[in-house]
Amino acid sequence: MIIKRAVLHILDFNSGMSVFSQNELDCTDDTVSTFLQKHLEKLHKDSAGKSGTFNADSGFAAALTEYGNKGLEFIDFTSQIANVLYENISLSDKLDAIDFVAADYINDDSDYFAILLITNKSAYTHQVITDENGIHNEIMKHYAILPAPSQKNRFICDYKYENGRNTFF
């Protein structure tokens, strides 16, 4: 698997604020690459996916085609998707902080575009503090923990460019 580009946008419904990244993730970084590859591999093995195509009048399908034909920039395209998702999900009764990840990648010699929604978890960790009294350790709660590759995510769509087939989750 080769990840050509990816981005992470934050959709934080708890604070009522989104943070749309203006830059792509560094897919050459081992941590980023490993995280994305594990989640994308899991997507390809998920038997819950349903194959299908977009409706002929789908605005998203038109934008995806335009992006695939190099008519839209990756960051602009993914920010538009994330914004539409934010507006629609914000109407829901159950609102969690979600990270939106979009990836343009190659798997088994085929080009794909995937959208993943990753629900943040909160967890406890330690923090080392140095002050006038010396060094001491504290326990703190971190509110934006990403799931391990073994955990289930909400995948939305995995689009295969060569035949226009989608897998929806």
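The crossing of helices α2 and α3 is left-handed, a term used where the near helix is turned anticlockwise from the far one by less than a right angle, with right-handed used if the turn is clockwise. The model is a predicted one, in which local features need pLDDT of at least 70 and side-chain atom pairs count only at pLDDT 80 or more, whereas totals for chains, interfaces and linings use all residues. Residues are numbered from 1 along each chain as its sequence is written, and side-chain values use heavy atoms, with hydrogens and water left out.

Helix α2 covers residues 59-68 and helix α3 covers residues 74-89; helices (H or I, at least four residues) and strands (E, at least two) are DSSP runs that are numbered from the N terminus. The two helices pack at an angle of about 165°, and their axes are 11 Å apart, where the axes are lines fitted to C-alpha atoms, for helices over the stretch in contact, and the angles run from 0 to 180 degrees between N-to-C directions. The helices α2 and α3 are therefore roughly antiparallel to each other, given that angles over 145 degrees count as roughly antiparallel, under 35 as roughly parallel, 65 to 115 as roughly perpendicular and the rest as oblique. Where they meet, Phe-60, Ala-63, Leu-64 and Tyr-67 of α2 are in contact with Phe-74, Phe-77 and Ile-81 of α3, contact meaning heavy atoms within 4.5 Å.

Seven aromatic pairs are present in the structure, a pair being counted if the ring centres of Phe, Tyr or Trp (its six-membered ring) lie within 6.5 Å, with planes under 30 degrees apart called stacked, over 60 edge-to-face and the rest tilted. In one of these pairs, the rings of Phe-77 and Phe-113 have centres 5.4 Å apart and planes at 45°, so this pair is tilted. The pair links distant parts of the chain, since Phe-77 belongs to helix α3 and Phe-113 to strand β5 (residues 110-119), 36 residues apart. Both Phe-77 and Phe-113 are buried, that is, under 20% relative accessible area, while exposed means over 50% and partly exposed lies in between (1.4 Å probe, protein chains only). A stacked pair is formed by Tyr-105 and Tyr-112, at 5.3 Å centre to centre and with 15° between the planes; Tyr-105 is buried at a relative accessible area of 0%, and Tyr-112 is buried at 10%.

One aromatic cluster is made up of Phe-54, Phe-60, Tyr-67, Phe-74, Phe-77 and Phe-113. Over the face of Phe-74 lies Arg-5, at 5.8 Å from the ring centre, a charge being placed over a ring if NZ of Lys or CZ of Arg is within 6 Å of the ring centre and within 35 degrees of the ring normal.

In the loop between β4 (97-107) and β5, Asp-108 has a positive phi of about 50° although it is not a glycine, and Asp-108 is exposed, with a relative accessible area of 70%. Asp-109, placed in the loop between β4 and β5, has a positive phi near 65° and is exposed at 76%. Ser-110, by contrast, lies in strand β5 and counts as buried at 7% relative accessibility; residues up to four places away in sequence not being counted, Ser-110 touches Tyr-105, Lys-160 and Glu-162.
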